[in-house]
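Subject: Two-chain model for you to look over

Hello,

Here is the model I promised to hand over.

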Amino acid sequence: MNTLKPVHFLTAIVSFVLAVGISSRAQDAPDVGPHPPTPEVPMESHIGKLTGHSKDAKSDFRRYCAGCHGDLGDGNGENAMWLDPKPRNFTLATFKCRSTLTGTLPTDQDLFNSIGRGFSNSNMPIWNTFSGQQKADLVAYIKTFSPRWQKEKAGDPIKIPAEPPVTIESISHGKALFTKLECWKCHGPQGKGDGPSAATLTDSQDLPIRPYNFADGKDDSRFKCGSTNQDIYKIFMTGVDGTPMPSFNDTIQPNDAWDLVHFLRTLQVNRHSKENDVLKAAGGKIPPYVEKQSEAPTNQSENRAAGGGN
Amino acid sequence: MRMGTQSYARRKLPCVRPFVTITLVVVFLILSSSQNANALPAFARKYGLRCSACHESWPMLNYFGQKFKDNGYQLMNDRDSPIWQNPGYWPVTFRIIPIWHRVSKGKVEVDTYPGGGSTTPNGTAIQRVTTSGFDLSGLDFHTGGTLEKNFSFYVLPSSDNTASFHFETVMARLDNLFGSPWLNIKLGKFELDNLLSEKRILTLTGNGGIYQLYHFTPVGDGNIFGQMGANQLGAEIMGHSYNDRTRYSAALLSSTNGNVALPYGNAYTGFFAASQAFDVGKLGVDRIGAYAMIGQAPTYYLTQTASGVTSPLAGSGASNKSFHREGFVGQFYFGQHFDLQVVTQHGWDNAWFGQGYGDLINGAATNNNVPGTSLPTGSQAPTWNGVLFEPHYIYSPQLIFVGRYENIQMSRQANGRTSATPSASNFGNISTYTVGFRYNPFMTSRAGFAWHNEYNWLHQDGTGPLVGLNTTNINTSEVLMGFDFDF
């Protein structure tokens, strides 16, 4: 035992020095942001049968999210300065990917889907390794950062009518709409994101933003807010809040929107799709659109959510 | 690894108690001033994620980190290709650990008087040898990432603590072949697909810094080729579902235990693993899986005689014999703070290995199975069963407490009852436990630092020196404190 006493002494000295040293170092460390505050108002989320609780996501948010979004959810994590596009500022409660009309809060399901899907053209990973409960808890936690969630209810999801068949006529009409609605000004005539206005675009925080390049990439997972035709429909009907991409819900009718979806798919020249198959069968060229006099206008209100609005 | 009895160990434990007490006090002191934990900073720098995003506590991966690795070190977004990186980005991370440790080995046979035992009738004695002091770990240079989208690589020159280098890992990987995550091919020297990775172990002591289960061979066994914990040379096909819930791998390996230049023969080993994860609600995502390592290795080598010295000829190995290990793996999570990792193993070596045939080149084996050799009477294929439990308590992403218990028991000895020298049924059994914690005083995506504290105790039956007519058990213990950092 006598031979071990120096060990105890040494251990005590080393432990003390470490405690003092690390503690003081912690105080002098570069500011990487405070710990996330305990939310004053606990929030819940409801996704299907899942109920998320904000208090249960505090640790996960800090582990996985705070490096970019910041401990205060303000988008100012220590990595934010290196990222483009910038991380979402949750204190503004402005979200790009929604099923709800522009200006309204997204549904819990929208946020849940965004976490699990990730954003392919940003640094936001695909967090599909989380359990459903983890994601539901994180949705609730995100809602603690803005008082809007306490004052407002989420908007109602828009209704998406059944997709009509893909025809060369619908593609042709979609192209005409692409021109008429001046989508080309940002996205470019071939959808390469090189329209005449592209270089001037900024987001709601005055940060430069690039329009989507449809022609790049081989698969459709690159769409920010989903990969299906329904997702594309939803993107331009609800708009991408916080960016120059407006909502076209008040501008075009559902069948027109579907035609636009079919045309946009043909801009994805490297992707195999039914739209590209139809285009190929038609000789690879989109014929000029000829407006039919007999077309009956669709009731635009069907496209809107019940009780929805800005 | 070779010392003392259990009662001896119990007498020693109180000596460690003050260390544990002081350590706990220090932990609370630190927690009171806690700031914000950390990984391979080269990856973190590339993607801008905190180390904690991929690591339960670095270097151990969490589920997201495992998916990142399975995707070929890609997040599967459009930032994976190096063209997105700043030209100044260089994907290199180094890791080294200055440590203080105290190693106590029981039952070391020493001369009664220094200089030789000839001065007394009984010239040797058995005693415990304890050494303590400041030391270094080896140095690792990790470099990995993508050469292009879906072309990934990893190179790891690694040294021991005298700066003698070797290649621990060198591999290139083709990811997502035919656009499917179910087909990825890797070629080179790489870690086997162990869900509980020894290369990402959270403990550092000599016996606690490895998984005994991954390296176990019966005492006197000449088969070094079945070590699941060692990086091996070969090719691997691996696949997984989009969210990595389901994953499989199959690897064909040269039976060289990772040694380059084909030092043995033409034998091969296969390693197979599969697992499935389950969403278990509030508990998290749990995973269960199974693995099998099935191979052959040489027991006979041609020899060369030069200057009167006869040596086995490298690369001439033949007379291959079989071995296999198989078991189950479980990763069970209980909320955000506690998890339990479990690995089981059943092992079997051919009776020739059990008699010490096998790796004659690097000296592990003692016999050469030249034509005409026969096994001694009573020889039988040794078998064993083992289990590993590793619980983690994650106080926060910055502080993790680690425990481990391993128990390996021989179920059949190489020298059976009819042998001239039969082995006791527990000969070579191992039990070991490890406790420790790692504290990360800061948490960023640029570098990693962990204050590491650990205690390990290992007991092995019957491998000590003879006392009278009986073999003895050996206890070894180690206390270690270090600053584990990487940049």
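**What I found**

Directly after H6(A), the residue Glu182(A) adopts a positive phi of about 65 degrees.

Glu182(A) is not a glycine, yet its phi is positive. The residue sits in the loop between H6 and helix H7 (184-187) of chain A. Is Glu182(A) buried or exposed? It counts as exposed, because Glu182(A) has 11 C-beta neighbours inside 10 Å, and the limit for exposed is 12 or fewer.

**Confidence**

The model scores ipTM 0.82 and pTM 0.85. Chain A has an average pLDDT of 83, and 79% of its residues score at least 70. Residues 22-34 of chain A fall below 50; this stretch still has 23 contacts in the model beyond near neighbours in sequence. Residues 296-310 of chain A also stay under 50, with 29 contacts beyond four places in sequence.

Chain B has an average pLDDT of 89, with 90% of the residues at 70 or above. Its residues 27-38 have pLDDT below 50 and 37 contacts beyond near neighbours in sequence. Residues 1-16 of chain B stay under 50 too, and the model gives them 41 contacts beyond four places in sequence. Where pLDDT is low, the predicted coordinates should not be read in detail.

**Chain A overall**

Chain A holds 10 helices and 2 strands. Along the sequence the order is α-β-β-α-α-α-α-α-α-α-α-α. Of its 310 residues, 42% are buried. Take the contacts between residues at least 6 apart in sequence: 67% of them join residues at least 24 apart.

Start with H6(A), residues 168-180. Its 13 residues should span 18 Å at 1.5 Å a residue, and the end C-alpha atoms are 18 Å apart, so the two agree. Which residues of H6(A) are buried? They are Ser170(A), Ile171(A), Ser172(A), His173(A), Gly174(A), Lys175(A) and Leu177(A). These buried residues pack against H9 and helix H10 (274-281) of chain A.

H9(A) covers residues 254-267. Its 14 residues should span 20 Å at 1.5 Å a residue; the distance between the end C-alpha atoms is 20 Å, which agrees. The helix is mostly covered, with 13 of its 14 residues buried.

H8(A), residues 229-238, packs with H9(A): their axes come within 9 Å and cross at roughly 115 degrees. That crossing is right-handed. On the H8(A) side the contact uses Asn229(A), Ile232(A), Tyr233(A), Phe236(A) and Met237(A). On the H9(A) side it uses Ala257(A), Trp258(A), Leu260(A), Val261(A) and Leu264(A). By type, the residues of this contact are 9 nonpolar, 1 polar and no charged.

Next, the loop between H9 and H10 of chain A, where Ser273(A) is found. Ser273(A) counts as partly exposed because it has 15 C-beta neighbours inside 10 Å. Not counting residues up to four places away in sequence, it touches Arg265(A) and Gln268(A). Ser273(A) and His262(A) are 11 residues apart in sequence, with their C-alpha atoms 9.8 Å apart.

**Chain B**

Chain B has 6 helices and 22 strands. Of its 487 residues, 48% count as buried.

Thr269(B) lies in strand S12 (residues 268-279) of chain B. Why is Thr269(B) called buried? It has 24 other C-beta atoms within 10 Å, and the cut-off for buried is 20 or more. Leaving out residues up to four places away in sequence, Thr269(B) touches Phe225(B), Leu253(B), Ser255(B), Met293(B), Ile294(B) and Gly295(B). Phe225(B) is 44 residues away along the chain, and the C-alpha atoms of the pair are separated by 8.4 Å.

Asn150(B) is another residue to look at: it has a positive phi of about 70 degrees although it is not a glycine. It is found in the loop between strand S6 (139-148) and strand S7 (151-159) of chain B. Asn150(B) is partly exposed, with 19 other C-beta atoms within 10 Å.

**Cis peptide bonds**

A cis peptide bond joins Asp84(A) to Pro85(A), with omega about 0 degrees. Pro85(A) is in the loop between helix H2 (58-69) and helix H3 (108-117) of chain A. In chain B, the bond from Trp58(B) to Pro59(B) is cis, with omega near 10 degrees. Pro59(B) is in the loop between strand S1 (55-57) and strand S2 (60-61) of chain B.

Best wishes

Conventions. Residues are numbered from 1 along each chain as its sequence is written. Chains are lettered from A and ligands numbered from 1 in the order in which they are written. This is a predicted model: local features need pLDDT of at least 70, side-chain atom pairs count only at pLDDT 80 or more; totals for chains, interfaces and linings use all residues. pLDDT is the predictor's confidence in each residue, from 0 to 100. Two residues are in contact if their C-beta atoms, placed from the backbone, lie within 7 Å. Helices (H or I, at least four residues) and strands (E, at least two) are DSSP runs, numbered from the N terminus. The expected span of a helix is 1.5 Å times one less than its number of residues. Axes are lines fitted to C-alpha atoms, for helices over the stretch in contact, and angles run from 0 to 180 degrees between N-to-C directions. A crossing is left-handed if the near helix is turned anticlockwise from the far one by less than a right angle, and right-handed if clockwise. Ala, Val, Leu, Ile, Met, Phe, Trp, Tyr, Cys and Pro count as nonpolar, Asp, Glu, Lys and Arg as charged, and the others, Gly among them, as polar.
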